[in-house]
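This report looks at charged side chains and how they pair. Please keep the sequence and the model at hand while reading.

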Amino acid sequence: MPLRYGFLSTYPPTQCGLATFTAALLNELTSTAPGASSRVVRLLDAPAGPGRRPAVVVGDLVAGTPGGPRRAAQLLNSFDVAVVQHEYGVYGGPDGDEVIEVLDNLEVPVMVVLHTVLVSPTPHQREVMDALLTSADAVVVMTETARARLVDGYRVHPHRISVIPHGAADNGRAAPARFARPTVLTWGLLGPGKGIEWGIAAMAELADLDPAPRYLVAGQTHPKVLAREGEAYRDGLAALASRLGVADSVVFDHRYLDAGSLAELVSGADVVLLPYDSVDQVTSGILIEAVAALRPVVATRFPHAVELLGDGAGLLVPHGDVAAIAAAVRRIITDDGVVRGLASAAAAHAPELLWPAVAQRYRGLAAGLAARTGSRPGVAPVPQRAPATVTTPATAAVTATR
């Protein structure tokens with residue numbers, strides 16, 4: 001019998017990286033095992049409004065609901081393995097500490113998937129993470145950088161950590177969208193920290209090219225940013241483009257794109273630009289999608305980009321360096337040899353990044369957990385080394401993998 005997975009996560013139509021990740025992984029796990037009844041306990045900030053609930057959702061954990069964590073655990077206990085997706089900002093309580101009560105009431109093997117690992121957490125953030133690591137039968141991170149951070153800074157034995165890539169759709173086969181001008185693409189939920197302003201400023205440095213490239217920024221404003229600040233960030237970006245005289249070269253696509261439309265957009269891009277401000281980001285689903293689609297990537301030197309692109313699968317630039325961003329984009333647009341080299345290096349990574357390969361890794365890990373007997377493994381004593389000196393503000397805990 002195929003294993004039945006119970007996911008604890010946000011889920012579409014919620015718009016966030018965690019929801020997209022869970023939907024893709026769940027779909028892949030069940031597509032090859034149609035007899036398995038895997039389901040989701042959905043995380044919500046507020047009770048769902050009227051309308052049909054997705055068929056795979058068996059219940060909701062609404063932040064701050066008395067008894068909600070215990071009921072969520074009861075639902076998850078009806079599956080063979082619980083898959084707990086973790087970001088600090090998606091659970092109720094300070095730093096999302098309601099997740100601890102869920103874990104305390106789980107009786108089935110638990111796989112915790114960490115989308116953020118902070119270098120310098122606050123004391124309470126560390127307390128939440130320590131509880132997660134203690135309760136998990138297996139811990140999944142998506143990069144070697146995240147694994148090293150856990151081993152160096154937290155009490156978890158290295159043997160309990162598995163590195164499994166984020167996963168990507170096979171967009172390399174999609175029919176590319178056709179554009180009249182070279183297109184530089186940034187996509188994902190929009191908000192401060194994405195560094196779009198650096199990309200806009202770089203377009204002004206590329207105005208001498210004929211034809212000048214177009215910068216396409218695709219995606220809605222992140223719902224939490226929209227609730228807090230409205231469209232102030234997007235409006236500010238449009239104003240910046242006007243001040244720099246590149247308003248006709250910067251296009252905002254406000255839609256939340258379905259998988260097919262996104263695949264066409266990515267496949268048609270001449271450059272994927274990730275100008276993120278974060279110096280601490282260990283997971284980027286968009287980076288994975290771009291590399292898997294064999295698109296030329298220009299990215300700031302955030303940890304995941306350094307790890308994945310360091311062997312030549314993309315061009316790395318310093319944070320906030322407009323001249324370096326413009327120079328990297330110029331190289332790709334004007335030199336076919338650079339494009340071929342980047343694609344060749346990306347092709348070496350692509351097979352292991354696609355969802356079928358990623359889901360197979362999760363299946364193997366889950367099968368091992370389900371086969372175990374006896375109590376869950378405890379936290380083995382490990383030597384504690386001083387954490388890295390990079391300071392991560394508490395607000396960095398709320399990030400999206402997309």
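Which residue forms a salt bridge with Arg255?

## A pair between Arg255 and Asp253

Arg255 pairs with Asp253 in a salt bridge (a side-chain nitrogen of Lys or Arg within 4 Å of a carboxyl oxygen of Asp or Glu), and their closest N and O atoms are 2.7 Å apart. Asp253 counts as buried at 13% relative accessibility, whereas Arg255, at 47%, counts as partly exposed; buried means under 20% relative accessible area, exposed over 50%, and partly exposed in between, with a 1.4 Å probe and protein chains only.

## Basis of the model

The model is predicted, and local features need pLDDT of at least 70, side-chain atom pairs count only at pLDDT 80 or more, and totals for chains, interfaces and linings use all residues. Residues are numbered from 1 along each chain as its sequence is written, and side-chain values use heavy atoms, with hydrogens and water left out.

The structure holds nine salt bridges, among them one between Asp80 and Arg4, whose closest N and O atoms are 3.3 Å apart. Asp80 lies in the loop between helix 2 (68–76) and strand 4 (81–86) and Arg4 in the segment before strand 1 (5–9), so the pair ties together parts 76 residues apart in sequence; helices (H or I, at least four residues) and strands (E, at least two) are DSSP runs, numbered from the N terminus.

Asp60 forms a salt bridge with Arg42, with the closest N and O atoms 2.9 Å apart. This pair links strand 3 (residues 57–62), which holds Asp60, to strand 2 (residues 39–44), which holds Arg42. Arg42 counts as buried at 6% relative accessibility, and a network of salt bridges links Arg42, Arg53 and Asp60.
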